[in-house]
Amino acid sequence: MPKLREYRGSNSTLKPDAGHRKLIEQGAQADINRCWTCGSCDFECPVNVATGQLRPQKIVRMANLGMLDELLYEPAIWYCLTCRRCLQICPNTVKPSELIAHIRRISMKRNIISTEKNRAYRTLFERFQRVRNHAVVMSFHGKLNSISDRQWCDWLLTPVSESRRKICFKSTESSSNGDFKSYNSSRAAACFTCGECSSACPVSCERSVFDPRTLFRMVNLGLTDELLSSPAIWLCLDCGRCTSACSQLVDGREIIRRLKADAIQRGIIDRNFFPRLEQANRLVYNRWLQEVDAVFGFNGSAHRTGTAGVNDFSACCRKCSVAIAT
């Protein structure tokens with residue numbers, strides 16, 4: 001795979017390509033010309049917050065300079081979770097997520113990324129949500145300082161067990177109490193489980209891991225106590241795509257925000273959980289970048305975190321990548 005061109009020193013000059021810029025603008029329809037490089041998108045991106053290796057602002061800037069060839073071989077394009085939080089935070093309505101999606105489509109069309117590799121990437125992304133689930137559970141009980149190769153592979157390849165407990169009719173009695181009414185301010189009762197929210201959610205890959213429709217249904221059945229101790233609510237990226245997609249105007253993002261707040265207020269989750277979760281996110285997202293590099297064959301030099309064990313791509317993980325690809 002060709003390396004990105006580097007522009008360094010006084011003898012190197014970057015010449016903007018107006019033709020490529022126009023091609024990107026017309027295809028992406030991301031309003032990249034409105035960007036004034038304020039950096040809001042960088043601070044909102046969950047991957048960048050955890051790793052510092054996905055800067056939507058940089059990608060938009062490269063597009064404005066017409067650096068299409070460089071963007072097509074930029075590993076960060078594939079680190080994106082497609083949560084669109086960069087789009088929501090931008091004061092000028094620039095759409096970095098739409099730009100990234102457009103560059104991905106071009107790379108597929110030109111066969112820079114093969115269909116097989118894209119399929120392996122999608123499978124990896126789906127299974128990565130299992131890792132995030134386990135990381136949250138570990139953060140409930142203490143600080144996650146490291147993840148061994150075997151632990152990572154086990155989390156990635158082992159499905160999360162789904163509860164099979166019967167819901168007795170009397171369990172729904174709490175749906176008429178004050179707790180339910182507070183959730184109903186977000187129109188929870190209007191949900192008829194059509195699944196629009198789950199279809200729009202970027203991390204709703206397996207029902208046993210995270211499924212917005214299941215969460216909202218449990219709220220309507222009065223099962224909020226179970227949700228408050230569930231790792232699922234902490235997997236939400238707070239992107240609001242469930243809210244935007246709902247034809248019944250259910251505010252799914254607000255429901256999950258309320259569940260998180262209640263879990264803290266009731267002492268089910270201690271207040272020191274947040275720094276532990278941030279530490280866990282740094283570990284799993286840095287490893288996620290490494291796995292993406294392996295699937296696509298990137299050289300791995302795009303990120304250097306300095307975290308012990310993160311940059312050493314082990315034999316265990318190579319075998320894991322082969323298992324995913326097949």
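Predicted model: local features only at pLDDT ≥ 70, side-chain atom pairs only at ≥ 80, totals over all residues.
Helices α1 and α7 pack against each other, the largest nonpolar core holds 93 residues, and Gln 53 sits in a loop between α3 and α4.

**How α1 meets α7**

- Two packed helices are described by the angle between their axes and by the distance between those axes.
- For α1 (residues 18-28) and α7 (residues 96-109), the angle is about 110 degrees and the axes are 9 Å apart.
- Because angles of 65 to 115 degrees count as roughly perpendicular, α1 is roughly perpendicular to α7.
- On the α1 side, the contact involves Leu 23, Ile 24, Gly 27 and Ala 28, while α7 brings Glu 98, Leu 99, His 102 and Arg 105.
- By type, the residues of this contact are 4 nonpolar, 2 polar and 2 charged.

**The largest nonpolar core**

- Leu 99, Phe 210, Trp 234, Tyr 285, Trp 288 and Val 292 touch the most other members of this core.
- Helix α16 (residues 273-296) supplies the largest share, with 11 residues.
- Beyond its neighbours within four places in sequence, Phe 210 is in contact with several residues, among them Cys 201, Val 203, Leu 215, Leu 235 and Ile 256.

**A look at Gln 53**

- The loop that holds Gln 53 runs between α3 (46-51) and α4 (56-64).
- Gln 53 counts as partly exposed because its relative accessibility is 24%, between the cut-offs of 20% and 50%.
- Pro 75 lies 22 residues from Gln 53 in sequence, and their C-alpha atoms are 9.5 Å apart in space.

Conventions
Residues numbered from 1 in each chain as written. Heavy atoms only, no water. Axes fitted to C-alpha atoms, helices over the stretch in contact; angles between N-to-C directions. Helix = DSSP H or I, 4+ residues; strand = E, 2+ residues; numbered from the N terminus. Parallel < 35°, antiparallel > 145°, perpendicular 65-115°, else oblique. Contact = heavy atoms within 4.5 Å. Nonpolar A, V, L, I, M, F, W, Y, C, P; charged D, E, K, R; others polar. Core = buried A, V, L, I, M, F, W, Y, C linked by side-chain atoms within 4.5 Å. Buried < 20%, exposed > 50% of the residue type's maximum accessible area, 1.4 Å probe, protein only.
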